[in-house]
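Subject: Structure handover

Hello,

Here is the structure for your files. My notes on it follow below.

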Amino acid sequence: QVQFVESGGGLVQPGGSLRLSCAAHGIAFGMFAMAWYRQAPGHQREFVARVGAVAKAYADFAEGRFTISRDDDNMILYLEMHNLKPEDTAVYYCNTEPNPRTWGQGTQVTVSS
């Protein structure tokens with residue numbers, strides 16, 4: 001059974017940084033492109049960043065501030081976020097891309113002073 005467990009969120013001030021982690025279970029992790037998504041209150045879930053075997057892609061709002069990486073040996077996906085803004089407040093999820101599977105619980109990121 002595929003399961004994603006996200007962690008690392010929290011409350012941070014504007015301009016701060018966080019590193020999110022996503023542990024994958026029940027999937028041949030290294031064979032899939034992986035992505036981070038987020039969902040803010042009252043908004044649809046949106047794409048944040050993607051990593052394949054080598055290539056990476058970012059949403060415009062993430063470019064230059066967020067870095068996605070993966071550890072295939074330990075089946076973990078990371079998202080380093082810097083210069084966080086209040087509009088980055090959301091629940092962050094990881095999943096395969098382009099065909100997401102079962103969603104995990106996500107990890108809450110709140111950017112507020």
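This is a predicted model: local features need pLDDT of at least 70, side-chain atom pairs count only at pLDDT 80 or more; totals for chains, interfaces and linings use all residues.

Residues are numbered from 1 along each chain as its sequence is written, and side-chain values use heavy atoms, with hydrogens and water left out.

Salt bridges

Asp72 forms a salt bridge with Arg70, with 2.7 Å between the closest N and O atoms. The term stands for a side-chain nitrogen of Lys or Arg within 4 Å of a carboxyl oxygen of Asp or Glu. Arg70, at 18% relative accessibility, counts as buried. The whole structure has five salt bridges.

Another one links Asp88 and Arg38, whose closest N and O atoms are 2.9 Å apart. Asp88 sits in the loop between strand 8 (76-81) and strand 9 (90-96) and Arg38 in strand 4, so this pair ties together parts that are 50 residues apart in sequence. Strands are DSSP runs of E, at least two residues, numbered from the N terminus. Asp88 and Arg38 are both buried. Through shared partners, salt bridges join Arg38, Glu46, Arg65 and Asp88 into one network.

Glu97 and Arg50 also meet in a salt bridge, at 2.5 Å from N to O. Glu97 counts as partly exposed at 21% relative accessibility, and Arg50 counts as partly exposed at 26%.

Glu6

Glu6 is in strand 1 (residues 3-7). This residue is buried but has no salt bridge, and the nearest side chain of opposite charge, Arg45, is 8.1 Å away. For charge, Lys and Arg count as positive and Asp and Glu as negative, while His and the chain ends are not counted. A polar atom of the Glu6 side chain lies 3.0 Å from the backbone nitrogen of Cys94, and one lies 2.9 Å from the backbone nitrogen of Gly106.

Six strands form an open sheet in the order 2-10-9-4-5-6, with mixed pairing; two strands pair if DSSP finds at least two bridges between them. Its edge strands, each pairing on one side only, are strand 2 (10-12) and strand 6 (56-58). Strand 4 (residues 34-39) and strand 5 (residues 46-51) run antiparallel and are joined by five bridges. Met34 stands opposite Val51 in strand 5.

Regards

Conventions: Helices (H or I, at least four residues) and strands (E, at least two) are DSSP runs, numbered from the N terminus. Buried means under 20% relative accessible area, exposed over 50%, partly exposed in between (1.4 Å probe, protein chains only). A polar contact is a pair of N or O atoms within 3.5 Å; within protein, one must be able to donate a hydrogen and the other to accept it, and residues adjacent in sequence count only if both atoms are side-chain atoms.
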